[in-house]
Amino acid sequence: MILLALKLVLAHFLGDFVFQPAKWVAHKLKKKGKSKYLYYHIGVHLLALIVLLQFKWGIIAIIIVSHYLIDLGKLTFTNKKNHRWLFTLDQMLHLGVIAAVVYFYEPFSIDSSSLLTPKLLLFFSMLAFVTYVSAILIKMMLVPYIKELEEDQEKEAKRKKKLGEYDENEGTSLKNAGRYIGMLERIFVFAFILLHQWAAIGLLITAKSVFRFGDLNKGKNRKLTEYVLIGTLLSFGLAILAGLAYNYLSTHLS
């Protein structure tokens, strides 16, 4: 069962990602079902399946036909607003077909009780904490400083406008980028603690300091520097506490 699943997943990855140039994707989005690259894409999948499955035509036929229909449906309904969601749905459908094929040819069972063990529930609880819960806690603790920084930025913008030095793009950032950066860094810290790799946390802090040095040095804004330091220490501190709590509690769970 596992061998068949791995072969099908590998064939999918090769066809959908490794051997699908950006040129093909762009042309398919433009021409939809009339794109020649849609059929090149299906051909790549067919070749990968033949090599990996050694001419098991029943499985190959199901995967190829379903893949074509799913891709055609995605291309037909894709637009600028929904392309990300349809991409996700497309991949879920492909993997769902693979799971169904594996189950049909080599039936397997999933023990639901094994998915709700105390350790697994604890892990997901801590993961939710280091991502969303911590983000809200940090934001609440930094509210007074955020308001003060925003006021200073408004004053500085007005001053620069008077001097003719104002740049609309100066100081702007990607939407929600800071939120996702914080989540990712806490996930990394949490994982490093679970793996007992404390040195890696130091490396992560150093890397973040290097990337933020330009922002902190620019204008020599002491308030911004202090704000970033407080936020960083809170973020890493909460992730470390979550990791330590998980390691301690997991040893006491049956």
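**Figure 1. The exposed face of helix H1 in the predicted model.** Ile2, Leu3, Leu6 and Val18 are exposed residues carried by the face of H1 that is turned away from its buried side. Val18 belongs to helix H1 and counts as exposed because its relative accessibility is 55%, where the cut-off for exposed is over 50%.

**Figure 2. The buried side of helix H1 and its cover.** The buried residues in H1 are Leu4, Leu8, Ala11, His12, Gly15 and Asp16. These residues lie on the same side of H1, because the arc that they cover around the axis is only 110°. In an α-helix there are 3.6 residues a turn, so residues three or four places apart point the same way. Among the elements that cover the buried residues of H1 are helix H3 (36-53), helix H4 (57-77) and helix H5 (83-105).

**Figure 3. A nonpolar surface patch to which helix H1 contributes.**

**Figure 4. The stacked aromatic pair of Trp24 and Tyr37.** In the whole structure, a search finds 14 aromatic pairs. One of the pairs is formed by Trp24 and Tyr37, which are stacked, with 5.6 Å from centre to centre and 20° between the planes. This pair links distant parts of the chain, as Trp24 is in helix H2 (residues 22-31) and Tyr37 is in helix H3, 13 residues apart. Trp24 counts as buried because its relative accessibility is 16%. Tyr37 is likewise buried, with a relative accessible area of 9%; the cut-off for buried is under 20%.

**Figure 5. The edge-to-face aromatic pair of Tyr103 and Phe108.** The ring centres of Tyr103 and Phe108 are 5.4 Å apart and the ring planes stand at 90°, so this pair is edge-to-face. Tyr103 counts as partly exposed, at 47% relative accessibility. Phe108 is also partly exposed, and its relative accessible area is 26%.

Methods. Residues numbered from 1 in each chain as written. Predicted model: local features only at pLDDT ≥ 70, side-chain atom pairs only at ≥ 80, totals over all residues. Heavy atoms only, no water. Patch = residues over 30% accessible without salt bridge, like charges linked within 9 Å, V, L, I, M, F, W, Y side chains within 5 Å. Areas by Shrake-Rupley, 256 points an atom, 1.4 Å probe, with all protein chains shown as cover. Salt bridge = Lys/Arg side-chain N within 4 Å of Asp/Glu carboxyl O. Helix = DSSP H or I, 4+ residues; strand = E, 2+ residues; numbered from the N terminus. Buried < 20%, exposed > 50% of the residue type's maximum accessible area, 1.4 Å probe, protein only. Arc of directions from axis to C-beta. Contact = heavy atoms within 4.5 Å. Phe/Tyr/Trp six-rings, centres within 6.5 Å; stacked < 30°, edge-to-face > 60°.
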